[in-house]
Amino acid sequence: MRRETQNILLLLLGGALLKIAFTGTYLRYVKPSHQWLLIAGGAVMVLLALVSLVRRPGSGHGDEGHQHSSRGAWLLLLPVFAVFLVAPPALGSDSVQRSGSAVAAGDGMEAFAPLPPGDAIPVSVGEFAARAAWDTGDSLTGRAVTLTGFVVQDGGASYLARLSIGCCAADAFPTKVRLDDAPEAAGLRDDTWIEAVVTLVPGSARRDNDYTPAATATSIRVIPAPEDPYEH
Amino acid sequence: MSTEVREPQAPGPTRRFRITSVEVLCVVLLLALVGQAAFVRILDVPAIRTGATVFVAVCIQALPFLVVGVLISGAIAAFVSADALRRLLPRRAALAVPVAGVAGVALPTCECAAVPVARRLIAQGAPSAVALTFLLAAPAVNPIVLVATAVAFPGEPAMVAARFLGSMATAVVMGWLWARFGKAQWFAEHALRRLPEPAGGRSRWRVFAETARADLVDAGGFLVIGGLAAAALNVLVPREWVNAVGDQIVLGILVMAVLAVLLALCSEADAFVAASLSALPLLPRLVFLVVGPAVDVKLISLQAGTFGRAFAVRFAPLTFVVAIACAVLAGIALGVGR
């Protein structure tokens, strides 16, 4: 492959990183703190390509080391096309159905800190599930809280689900809450984002159901997808 | 500079127009733009959509770290002479290998960044055993990874210690094994070619920029292959494997070791995934954490591209076995899961 082609590919790839970093679509793929890494990485790529394009070929010593074919570089087009032409959506119900449900580790011996006071305070789905499964202090019992997530219809039941990522979407793991007595949720399509005020059904998160809690919903409101679709 | 040696060349000088990779690229870009709608339609299947998202995620997560790696590689080529490197390292490989392991602690790079750095160290005359120890240690035992592990496993300090011990042992044992049995001819010829010593100040910066750029182009393609593999496996490997294992410890260790290779998670995040697999005992999850940063599909692809296939087919399986053994021994020694 000619050096010019390599440089154009690098420009495109660096541009792709910069584009998703500045438009906010990077939140579909990586955690928020990655933004500056993407900007720096993309900028360095663009810079290296520009330096090489501007410099007259053959004027330096550094070129002799790379005389082998670099056909593999064509593959750099794949992420470029994926970002500019396809822009895959954030992970959603398909991932949830693929991998069941997971709850952060706990030993069932500890009491969680009490929830802050207030009616229907917002709680992350991950924390809701962890408290439901492990809290010996029963901090959720009788408390109405607000959960934000997307709808997953599975086996006749409606779930409110959310994915957590540690670093990027490859390591996403889902947490879900079964919504009981919620006919309005049953009519919603998969991946519809909702904000639900729910109360935990005590004792519903057990080992035999992978610690998936159930909750009764008092209100369900359809909302636009949040800017950051994941919990961290 | 003749990177186009394998380009299709037009036959005689009579033709005025030659088809080079630049023209090919233009046609490919044009076709992609025209066919965009068809593309998107093909991808509109839930499984493929999920795979595409994971693919993009793996690529853009790893690319900035690869950039860091090629910048360090370029800096070594331009500013660290082979003599200086030799003076820096203990002469005997048996001693230099643990030094390289400790150096890995101080340089928090992700596994993708470590590959071009290790290659450049070898090209500049460092013993290959030392560079490979660094390659295995840097992504696995650095402070960021250990803190992430501590956060993911609250109340299990033995997990952090065992991860450190298991990963460090893997790196050092692999270094010693390589010093004893490794052969230079397993490396691809291009991987070891040393760049000429730069002549002066300006020339050094040129070497720096050109080395970094060429390394990035080289390694980037293989990172993409690794990303494709990881995305496909992420969608295809059923997570029920994990649940089916239950409390069977030996089976659990094997399944988690294979999962670590197939899922290719970054070492900063794998602890959270391991923590979420609460159906399993701790020892198999420790194996997952030690194997993952040392060998996974993304790394195998990068190593095959950087060091050559003959190297990768020997190094990756051996690392896999050594990492499992070190993880199990470290886990038992430190009483993980008891």
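Biologist: Let's start at the contact between the chains: which residues in α2(A) meet α11(B)?
Modeller: In α2(A), Met45(A), Leu48(A), Val51(A) and Ser52(A) meet Ala209(B), Glu210(B), Ala212(B), Arg213(B) and Leu216(B) of α11(B). A contact here means that two residues have their C-beta atoms, placed from the backbone, within 7 Å. The model is predicted, so local features need pLDDT of at least 70 and side-chain atom pairs count only at pLDDT 80 or more, whereas totals for chains, interfaces and linings use all residues. Residues are numbered from 1 along each chain as its sequence is written, chains are lettered from A and ligands numbered from 1 in the order in which they are written.

Biologist: At what angle do α2(A) and α11(B) pack?
Modeller: About 115°, with the axes 10 Å apart; that is residues 35-54 of chain A against residues 201-236 of chain B. Axes are lines fitted to C-alpha atoms, for helices over the stretch in contact, and angles run from 0 to 180 degrees between N-to-C directions.

Biologist: Is that crossing left-handed or right-handed?
Modeller: α2(A) and α11(B) cross in the left-handed way. Left-handed means that the near helix is turned anticlockwise from the far one by less than a right angle, right-handed that it is turned clockwise.

Biologist: Switching to chain A as a whole: how many helices and strands?
Modeller: Six helices and seven strands, and from the N terminus on they run α-α-α-α-β-α-β-β-β-α-β-β-β. Both kinds are DSSP runs numbered from the N terminus: helices are H or I with at least four residues, strands E with at least two.

Biologist: What share of chain A is buried?
Modeller: 47% of its 232 residues. Buried means 20 or more other C-beta atoms within 10 Å of the residue's own, exposed means 12 or fewer, and partly exposed is in between, with C-beta atoms placed from the backbone.

Biologist: Okay, β5(A). Which residues are on its covered face?
Modeller: Ile194(A), Ala196(A), Val198(A) and Leu200(A). The uncovered face has Trp193(A), Glu195(A), Val197(A) and Thr199(A).

Biologist: Why does Val198(A) count as buried?
Modeller: Because 27 other C-beta atoms lie within 10 Å of Val198(A). Leaving out residues up to four places away in sequence, Val198(A) touches Val145(A), Leu147(A), Val177(A), Ala215(A), Thr216(A) and Ala217(A).

Biologist: Which way do β2(A) and β5(A) run?
Modeller: Antiparallel, joined by seven bridges, with Ala144(A) partnering Thr199(A). β5(A) also pairs with β6(A), antiparallel over seven bridges, and there Val197(A) stands opposite Ser219(A). Strands pair if DSSP finds at least two bridges between them.

Biologist: How many residues of β4(A) are buried?
Modeller: Seven of eight, so β4(A) is largely enclosed by the rest of the structure. β4(A) is joined to β3(A) by seven bridges, antiparallel, and pairs with β6(A) in the parallel sense over three bridges. Arg178(A) is the bridge partner of Tyr159(A) and stands opposite Ala214(A) in β6(A).

Biologist: Last topic, confidence. What pLDDT does chain A average?
Modeller: Chain A averages 87, and 89% of the residues score at least 70; pLDDT is the predictor's confidence in each residue, from 0 to 100. Where pLDDT is low, the predicted coordinates should not be read in detail.

Biologist: And what does chain B average?
Modeller: 83, with 91% of the residues at 70 or more. The model as a whole scores ipTM 0.91 and pTM 0.83.
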